[in-house]
Amino acid sequence: MAGKIDDIAAARHVSSNRAIVDLLSDGIAAHEQRRTAFHALADRFRNSTDPAETERLSEELAQMVFGS
């Protein structure tokens, strides 16, 4: 793991500590994006009145929760 951090730091021309902070920030942002997308999809599912759309949204939610 340390080697990967060092490689990333070198590629970005930053210190290892800065690379770790940047990676954590990127991870937190990605987590928030997935969370927002999940909630938007769940709202669409909850508000759907079309059975075909409800089924499709149900499958999308299942894939987001359980993976492919």
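How close do the axes of helix α1 and α2 come, and at what angle do they cross? They come within 8 Å and cross at roughly 95°. That makes α1 roughly perpendicular to α2 (65 to 115 degrees counts as roughly perpendicular, over 145 as roughly antiparallel, under 35 as roughly parallel and the rest as oblique).

A quick word on what you're looking at: this is a predicted model, where local features need pLDDT of at least 70, side-chain atom pairs count only at pLDDT 80 or more, and totals for chains, interfaces and linings use all residues. Residues are numbered from 1 along each chain as its sequence is written, and side-chain values use heavy atoms, leaving out hydrogens and water. The protein's mean pLDDT (the predictor's confidence in each residue, from 0 to 100) is 96.

Here are the two helix pairs. Helices are DSSP runs (H or I, at least four residues), numbered from the N terminus; axes are lines fitted to C-alpha atoms over the stretch in contact, with angles from 0 to 180 degrees between N-to-C directions.

| Pair | Axes come within | Crossing angle |
|---|---|---|
| α1 and α2 | 8 Å | roughly 95° |
| α2 and α3 | 9 Å | roughly 155° |

So α2 is roughly antiparallel to α3. Their contact (heavy atoms within 4.5 Å) includes Phe-38 and Leu-41 in α2, and Leu-57 and Leu-61 in α3. Its residues divide into nine nonpolar, two polar and five charged.

Over at the other pair, Ile-5 and Ile-8 are among the α1 residues that meet α2, where Ile-20 and Leu-23 take part.

What follows α3? That's Gly-67, whose phi is positive, near 80°.

Definitions and conventions. Ala, Val, Leu, Ile, Met, Phe, Trp, Tyr, Cys and Pro count as nonpolar, Asp, Glu, Lys and Arg as charged, and the others, Gly among them, as polar.
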